[in-house]
Amino acid sequence: MAIEHVEGPLPSSAPLERDARLASTDHKVAASEIAIGVIIGRTAEYFDFFVFAIASVVVFPRVFFPFAQPLTATLYSFTVFALAFVARPIGSLIFTAVDRRHGRGVKLTIALFLLGFSTMAISFLPGYAQIGAWALYLLGVLRVGQGLALGGAWDGLASLLALNAPIERRGFYAAIAQLGAPVGFIVASTLFSFFLLNLSEADFLEWGWRYPFFCAFAVNVVALFSRLRLVATDEFARLLERGRLEPSPILPLVRNHGGDLLLGALIPLASFALFHLVTVFPISWITLFTQRSAGEFLMVQCSGAFICAGALVASGLIADQIGRRRLLVVSAGLIALFAICSTIAPLIVEENAIGQTIYVNAGFALLGLSYGQSSGAVTSRLEQRYRYTGAALTSDLAWLLGAGFAPLIVLYLSARYGLACVGLYLLSGAVTTLLALSISRSEIRQV
């Protein structure tokens with residue numbers, strides 16, 4: 001007897017999102033409520049990001065690359081660190097297809113569970129001494145998993161926040177959406193600093209470093225529920241209906257706006273290069289070439305992250321007065337000046353604790369000023385139907401070009417040719433940003 005094949009609709013999260021909307025959105029969601037959800041979501045992503053970044057310096061060289069000299073082991077570790085930035089655009093491609101076929105709720109659930117699982121699973125990895133090269137392969141696979149998940153975690157909530165904010169305060173709310181970066185760093189650095197300062201080296205390398213990774217799954221579950229609640233709002237549904245937050249096919253986007261995507265990736269290059277040169281790279285230099293405690297230096301960086309958070313808020317207030325494009329030009333110019341000063345008189349020198357602190361705090365202040373307005377830099381040049389996916393891809397490319405390999409390249413060059421290379425690398429990013437801004441002369445708006 002022949003079995004009749006019945007065509008049915010593709011599985012979709014739309015009914016679940018509609019039910020959630022009916023259950024939880026009996027009032028208009030305020031911009032401040034969206035802002036809290038966005039900050040929680042971004043904090044979870046950056047927590048996972050910084051936990052791996054810090055461990056790439058203070059843990060992985062000794063646990064996974066004990067066969068190499070400290071500098072070489074750290075360079076190997078930074079190579080694994082860069083894998084996520086290569087995987088991130090691929091994750092955007094995969095999860096955009098999931099979004100289009102099954103709904104944003106399904107996409108976010110898969111992406112955040114993958115992110116939390118990949119990070120948490122690292123806490124259970126045996127080291128090189130136990131299983132040899134398999135430890136390196138597994139670490140690389142889990143790092144790729146983080147990158148794929150980060151590509152899929154793009155949810156459009158920052159755009160929802162900007163579009164629900166008063167026009168005269170959109171710069172402020174765009175900056176608020178970026179607060180997850182310093183908050184995530186503060187939480188990750190505080191956890192690592194606590195264990196570094198309170199455990200013996202043997203205990204830290206045996207089990208202490210695993211705890212921050214283990215916490216990641218719970219952090220991501222909280223972030224998932226926070227974000228799904230906002231995805232289910234009437235405001236989000238209306239923007240989807242108008243095509244403003246609808247994922248678009250990748251090939252038509254690249255074919256019609258390839259140049260705009262590249263330009264959008266180059267505009268925030270100065271900010272994204274600075275991102276790793278004040279967070280990840282200084283820890284590696286302190287650990288390898290000075291006698292200063294990594295745990296104590298992490299607390300210095302933690303104070304810098306508070307400065308960054310304040311500068312982020314200030315960037316929003318300033319942008320609402322002078323415009324986002326003008327602020328990006330000013331901040332890129334200041335980063336270029338900072339880079340020149342770092343080239344002429346490098347502040348991170350052996351045992352110069354004051355210089356190290358000045359470098360970190362000044363760098364974090366400039367990072368907040370520039371990073372607060374770097375998101376979605378040229379999405380206004382895209383057709384409306386392409387802006388959601390276009391914003392995701394420009395972000396992925398900016399991280400890949402500006403930040404992904406920065407710690408690896410700068411550590412190698414600095415160890416070989418001196419710390420002036422830090423300033424030169426950063427200066428190249430600032431010049432690229434200024435050139436890209438000179439090409440894109442239209443005022444920058446949020447999606």
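Reader: How do you know that helix H21 (residues 406–417) reaches about what is expected?

Author: For H21 that comes to 16 Å, and the first C-alpha to the last reaches 16 Å, close to expectation. A helix here is a DSSP run (H or I, at least four residues; a strand is E, at least two), numbered from the N terminus. This is a predicted model, with pLDDT of at least 70 needed for local features and 80 or more for side-chain atom pairs, while totals for chains, interfaces and linings use all residues. Residues count from 1 along each chain as its sequence is written, and side-chain values use heavy atoms, leaving out hydrogens and water.

Reader: How do you know that the span of helix H19 (residues 353–371) agrees with expectation?

Author: Its 19 residues should span 27 Å, and the end C-alpha atoms are 26 Å apart, so the two agree.

Reader: What makes the pair of Tyr46 and Phe275 tilted?

Author: The structure holds 42 aromatic pairs. Tyr46 and Phe275 are 6.0 Å centre to centre, with 35 degrees between the planes. Rings of Phe, Tyr and Trp (its six-membered ring) pair if their centres lie within 6.5 Å; planes under 30 degrees apart are stacked, over 60 edge-to-face, and the rest tilted, so 35 degrees lands in the tilted class. The pair ties Tyr46 in helix H2 (residues 31–58) to Phe275 in helix H15 (residues 269–277), 229 residues apart. Tyr46 and Phe275 are both buried.

Reader: Why is the pair of Phe67 and Tyr128 called tilted?

Author: Its ring centres are 4.8 Å apart and its planes sit at 50 degrees, so it is tilted too. Phe67 is in the loop between helix H3 (60–63) and helix H4 (70–102), and Tyr128 is in helix H6 (residues 128–131), 61 residues apart. Phe67 is partly exposed at 45%, and Tyr128 is partly exposed at 29%.

Reader: What makes the charged end of Arg143 sit over the ring of Phe52?

Author: The rule wants NZ of Lys or CZ of Arg within 6 Å of the ring centre and within 35 degrees of the ring normal. Arg143 sits over the ring of Phe52, 4.2 Å from its centre.

Reader: Which residues have the most contacts inside the largest nonpolar core?

Author: Phe60, Phe64, Phe192 and Trp209, in a core of 96 residues. H2 gives the most to this core, 14 residues. Such a core is a set of buried Ala, Val, Leu, Ile, Met, Phe, Trp, Tyr and Cys residues joined through side-chain atoms within 4.5 Å.

Notes:
Buried means under 20% relative accessible area, exposed over 50%, partly exposed in between (1.4 Å probe, protein chains only). The expected span of a helix is 1.5 Å times one less than its number of residues.
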